[in-house]
Amino acid sequence: MEKSRIIIALDYPNEEQALRFIRQLDPAQCRLKVGKELFTRAGPSLVKRLAAQGFSIFLDLKFHDIPHTVARACLAAADLGVWMLNLHALGGLSMMKAAQEALANNPSRPQLIAVTILTSMNQGGLRQIGLAGTPEENVLQLALLTQEAGLDGIVCSGQEAPALRQALGKEFLLVTPGIRPAGAAPEDQQRVLTPREALTKGANYLVIGRPITAAPDPMVALKAIEAEISNV
Ligand SMILES: O=c1ccn([C@@H]2O[C@H](COP(=O)(O)O)[C@@H](O)[C@H]2O)c(=O)[nH]1
């Protein structure tokens, strides 16, 4: 069975709540993302434990620092047995190359991807930090830099996926948060699409947090999303 295109963001305030949810899941059914909140609370031991249970873990710590520091952090993350990890493309070409080179000979080399422009940002937010151009233009520029550095893909919104697919080819991974089922509140996300729209536009993976984890019945919400994308 091909592993799921759904990556569930485990944005829980503690390990107990995360594990209560995970007990209902099969590792073949979905992948799991451990981000800053849960990692800071539960640490590397939870990541290792979930990986040992057979879950594909995306460690979403979005490294952004000098090249040496990021390269060493990527090696530490790879040692946890994760399937995917990430850094910020805004850290620049030399930072991304250092990370890529550090992982190149790692026996269990995880997928290494770069966050382009956060899906919580719109054009107004880009202006505030001094970036001209549309979100799509900025995402494309950072995606090309990421590809030049030899990484496996990027985090972007599904909204940018068609232009990115055309520019970056079939193999480059597009991992898309900002997923909201039709009618769901965007909350702090600015560049959103439904699960079906994101895949149709060319996304490889959907990162989904609150639409599942904050639903009255998370398993019902997950099943509904699985049904929505089953024939895409
Ligand atoms: O650009 C980005 C990069 C990462 N994220 C992360 O994805 C999830 C989305 O959660 P929702 O509850 O579905 O909004 C969250 O863990 C973010 O840290 C992102 O949203 N956008």
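## Helices α1 and α2

In this predicted model, E15, A18 and I22 of α1 meet L38, R41, A42, L46 and L50 of α2; residues are in contact if their C-beta atoms, placed from the backbone, lie within 7 Å. Helix α1 covers residues 15–22 and helix α2 residues 36–52. Helices (H or I, at least four residues) and strands (E, at least two) are DSSP runs, numbered from the N terminus.

Two packed helices are described by the angle between their axes and the distance between the axes. For α1 and α2 the angle is about 40° and the axes are 10 Å apart. Axes are lines fitted to C-alpha atoms, for helices over the stretch in contact, and angles run from 0 to 180 degrees between N-to-C directions. Angles under 35 degrees count as roughly parallel, over 145 as roughly antiparallel, 65 to 115 as roughly perpendicular and the rest as oblique.

By class, the contact of α1 with α2 has six nonpolar, no polar and two charged residues. Ala, Val, Leu, Ile, Met, Phe, Trp, Tyr, Cys and Pro count as nonpolar, Asp, Glu, Lys and Arg as charged, and the others, Gly among them, as polar.

## Basis of the model

Residues are numbered from 1 along each chain as its sequence is written. Because the model is predicted, local features need pLDDT of at least 70 and side-chain atom pairs count only at pLDDT 80 or more, whereas totals for chains, interfaces and linings use all residues.

## The barrel

Eight strands close into a barrel in the order β1-β2-β3-β4-β5-β6-β7-β8, with parallel pairing. Two strands pair if DSSP finds at least two bridges between them. From one strand to the next, the twist averages 25°.

Strand β1 (residues 6–9) pairs with strand β8 (residues 205–208) in the parallel sense over three bridges. The bridge partner of I7 in β8 is V207.

## Helices α3 and α4

Helix α4 (residues 93–104) lies across β4 (84–88) and β5 (111–115), and runs at about 170° to β5. The axes of α4 and helix α3 (residues 67–78) come within 8 Å and cross at roughly 35°. Residues in this contact include P67, H68 and V70 of α3 and S94 and M95 of α4. The contact of α3 with α4 has 11 nonpolar, two polar and no charged residues.

## Helices α6 and α7

The axes of helix α6 (residues 135–148) and helix α7 (residues 161–168) come within 10 Å and cross at roughly 30°. That angle makes α6 roughly parallel to α7. In this contact, E136, L140, A143, L144 and Q147 of α6 meet A163, L164, A167 and L168 of α7. These residues divide into seven nonpolar, one polar and one charged.

Terms used
Contact = placed C-beta atoms within 7 Å.
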